[in-house]
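Welcome! Take a look at the structure below, and then we will go through some questions together.

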Amino acid sequence: MKLHRIAYMLLFFSIISCSNDDKAIDALVEETERGAVLRNINKVSKDFIHNNFESAFDIEIEEQDLEDGALLDFVRLYVAFRDHTSGSNDNSVQEIMLRDIPSSEFVIGPDALPRTTVRVTYQDVVDALSINTLLIEPGDQFSLRMEIHLTDDRTFDTMDTTASILTDACFFKSPLRYEINVIEVISDDLFTGIYSYEVITDTNSSNAAISNQGIVSITVGDLPNVRKTSIIGEGLEFTVAGNNVYPKIYQSVNLFCIESGPHILSGPNDTNFGMIDLNDDSLFFLDLDVGFEGWDGTLEDDNTAVGIPTLYTFKFSKQ
């Protein structure tokens, strides 16, 4: 059983709701013997524009630990490439280390905790992974993972955390992993408006209590090609990338922001990427894993996720 995971559990037994109050920061500092998080403060941009190698993933993060950020040594970035273009050749590239961000690049922010902006350009990752740019198409993806290194030699990544820390729906907003899609920017009027939906996969094994059909409004998100709808608790956010539809990772299905209960997360499926026709927004399909990475509300004795994701395929029809 991991001691730092237990510390996170003790923290969240004491937090009984999703909180935007500074007391949540105090709880981390005062009640946790071990632990560190990187909070999402502001996501400036999130996807790469096809053939625009100056486009960038930009996010402001805030580090929290037992000593108000004094334990931070550096944050290590890892990147990988996933080729989702149909064809016989798979040009995916396994994860490699991109670079380290030393604590000296963080500045003290409004919460008296260290902040910095992580900027990763399209060109950065293409060079690091030695990818032939002619092989990259809209719908392909890059994965960015962050690893916190403390001065006492401990490290923290996505494996050392909990559902309520990973999701943006709760206070800490510390997923430590991001999907960067390769997109061609579409018009804001596409894939928005009133849609009916139905779930066309067998979801009897899921305990997520998602309605199998309904009418929803799809709205434009804050960033290019992002769309939002209200099917799950947090609000289902997805990105149109080429002919694929990618749901955001670690979205909260049931908004249960304490670890003493069954918090369910959702995210993209590994092999099913939806289906969309950029010339016709009257119909599209979205694939969603409920219980993403095992976070279906069932836990081991050490509070690690043990569930099996349930694939929901949604058919959306414009009204």
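Q: Which strands each supply at least two residues of the lining of the largest pocket?
A: They are β1 (36–45) and β13 (226–229), where strands are DSSP runs of E with at least two residues, numbered from the N terminus. Of these, β1 gives the largest share, four residues. This is a predicted model, in which local features need pLDDT of at least 70, side-chain atom pairs count only at pLDDT 80 or more, and totals for chains, interfaces and linings use all residues. Residues are numbered from 1 along each chain as its sequence is written, and side-chain values use heavy atoms, without hydrogens and water.

Q: What makes D168 and K228 stand out in the lining of the largest pocket?
A: Both are among the residues nearest its centre, as are D222, E237 and K248, out of 17 lining residues.

Q: Why is the disulfide of C170 and C257 called left-handed?
A: Its torsion about the S-S bond is about -85°, so it is left-handed.

Q: Are C170 and C257 buried or exposed?
A: Both are buried, meaning under 20% relative accessible area with a 1.4 Å probe and protein chains only.

Conventions
1 Å grid on protein atoms, 1.4 Å probe; cavity = no way out; pocket = protein on both sides within 12 Å on 5 of 7 lines; lining within 4 Å. Disulfide = S-S within 2.5 Å. Buried < 20%, exposed > 50% of the residue type's maximum accessible area, 1.4 Å probe, protein only.
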